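This briefing goes through a predicted model, and its points are grouped by topic.

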Amino acid sequence: MPEILNILDNDLGKNLNNDDFNDDDVQNPVEPFLRSDRVPHIWCPGCGIGTTVNSFARALLESKIDLRSLALVSGIGCTGRVAGYVKLDSFHTTHGRAIPFATGLKLANPKLNVVVYSGDGDLSAIGGNHLIHAARRNIDLKVICVNNLIYAMTGGQTAPTTPDHSTTSTNPYGVFEPSFNLPHLVEAAGAVYVARWTMFHVRQLTRAISEAFHKKGFSFIEVISPCPTLYQRRNKLGDGLDAMKDYKAKSKVRNGAPTSEVGMTMTGEIIVGKFVDRERPDYQTMMRAQYADSLGERFVEQSEMVCS
Ligand SMILES: Cc1ncc(C[n+]2csc(CCOP(=O)(O)OP(=O)(O)O)c2C)c(N)n1
Ligand code: SF4
Ligand SMILES: [Mg+2]
């Protein structure tokens with residue numbers, strides 16, 4: 001039995017097999033990745049999160065990743081619900097703690113491909129410290145951050161990503177504090193792969209997720225995604241379709257753009273693209289090298305210590 005199944009002991013995972021996902025009879029290629037028994041889902045009409053899941057599932061197909069070696073971890077929020085809807089070994093953890101949870105999985109079983117799928121608030125507010133330190137350590141995680149510019153699940157409060165001058169439930173007279181430019185933050189902290197796409201860019205997003213699967217180290221993909229119910233409505237930006245039109249009109253592809261130049265405003269252009277793709281030893285490679293150097297013959301490879 002593969003190692004992951006022993007370690008995760010997840011009944012759903014036990015039945016996973018890549019062959020199950022190439023069935024010609026299946027009309028929607030994404031459907032086998034979903035726990036259809038959980039439908040209807042909680043997301044509002046026009047919400048962008050479901051479309052990001054579509055791109056994610058297509059990236060799994062494209063990258064031909066072994067699904068038995070995959071684990072998906074979410075925090076709390078509307079985006080955090082992704083963990084409950086994907087038919088994978090997935091974990092819906094506590095608010096802000098998806099990255100430490102994922103780090104634990106990766107350290108316990110280095111062969112796992114670990115994806116963190118969570119919201120801007122979860123990852124950059126309560127979980128902000130974990131975000132920068134995982135990037136600094138270059139832990140081999142693929143982080144997909146759905147940035148709807150707000151704390152959606154709890155009623156539309158200002159998040160560290162909310163652009164100034166926009167209106168939220170906690171800033172009814174307009175946000176005045178500066179927001180995080182997430183690609184810049186994670187690049188400065190040490191991420192090896194950084195990209196941003198909007199929910200309109202479904203193909204580019206799929207490609208970026210596939211690329212991240214083949215990258216070792218801390219990868220961060222930001223997806224700008226509409227929350228029609230709270231952010232769009234309160235700021236008179238229309239519905240989900242209006243958001244798509246807006247993303248189409250305002251997005252400018254600038255691959256390799258300096259991340260210092262990709263900060264967002266409420267109504268300005270949205271710079272998208274792959275900004276960072278660089279090499280740097282990941283945490284576990286550095287750890288092995290250091291221990292081998294210090295311990296000499298007493299060093300034991302972790303793989304020899306993992307039970308099968
Ligand atoms: C320790 C703790 N503090 C606060 C909350 C309340 N809470 C739940 S989700 C959330 C914000 C989620 O925002 P985000 O990560 O952007 O997700 P979204 O709903 O926008 O997708 C907050 C503050 C909580 N569940 N746990
Ligand atoms: S509140 Fe916003 S983010 Fe949450 S499901 Fe509704 S539209 Fe999506
Ligand atoms: Mg959010």
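**Ligand surroundings and overall fold**

Ligand 1 is surrounded by 18 residues, of which G77, G119, G121, D122 and A152 are the closest. Two or more residues of this shell come from each of β3 (113-119) and α6 (120-126), and α6 makes the largest contribution, with three residues. The model is a predicted one, and the points below should be read with that in mind.

**The two ligand shells**

- By residue class, the shell around ligand 1 divides into eight nonpolar, eight polar and two charged residues.
- Around ligand 2 lie W43, C44, C47, I49, C78, N148, A152, M153, C227, P228, T229 and L230, and the largest share of this shell, three residues, is supplied by helix α10 (residues 228-234).
- The shell around ligand 2 contains 10 nonpolar residues and two polar ones, with no charged residue among them.
- A152 belongs to the closest residues around ligand 1, and A152 is also listed among the residues around ligand 2.

**Chain as a whole**

- The secondary structure of the chain consists of 13 helices and eight strands, and 47% of its 308 residues count as buried.
- Of the contacts in the chain with a separation of 6 or more, 69% are made by residues 24 or more positions apart.

**Nonpolar core**

- The largest nonpolar core comprises 76 residues, and V73, I144 and I221 are those with the most contacts inside it; the element that gives the most to this core is α3, with six residues.
- When residues up to four places away in sequence are left out, I144 touches F56, V115, Y117, I209, I221 and V223.

- Strand β6 is mostly covered, since six of its six residues are buried.
- In a regular strand the side chains alternate between the two faces of the sheet.
- In β6 both faces are covered, with S219, I221 and V223 buried on one side and F220, E222 and I224 buried on the other.
- β4 and β6 run parallel and are joined by six bridges, and within β6 the residue that stands opposite I144 is I221.
- β5 and β6 likewise run parallel, joined by six bridges, and here Y193 has S219 of β6 as its bridge partner.

- R207 and S63 are separated by 144 residues in sequence, yet their C-alpha atoms are 8.9 Å apart in space.

Conventions:
Residues numbered from 1 in each chain as written. Chains lettered and ligands numbered in written order. Predicted model: local features only at pLDDT ≥ 70, side-chain atom pairs only at ≥ 80, totals over all residues. Near = placed C-beta within 6 Å. Helix = DSSP H or I, 4+ residues; strand = E, 2+ residues; numbered from the N terminus. Nonpolar A, V, L, I, M, F, W, Y, C, P; charged D, E, K, R; others polar. Buried ≥ 20, exposed ≤ 12 C-beta atoms within 10 Å, placed from the backbone. Contact = placed C-beta atoms within 7 Å. Core = buried A, V, L, I, M, F, W, Y, C linked by C-beta atoms within 7 Å. Pairing = 2+ DSSP bridges.
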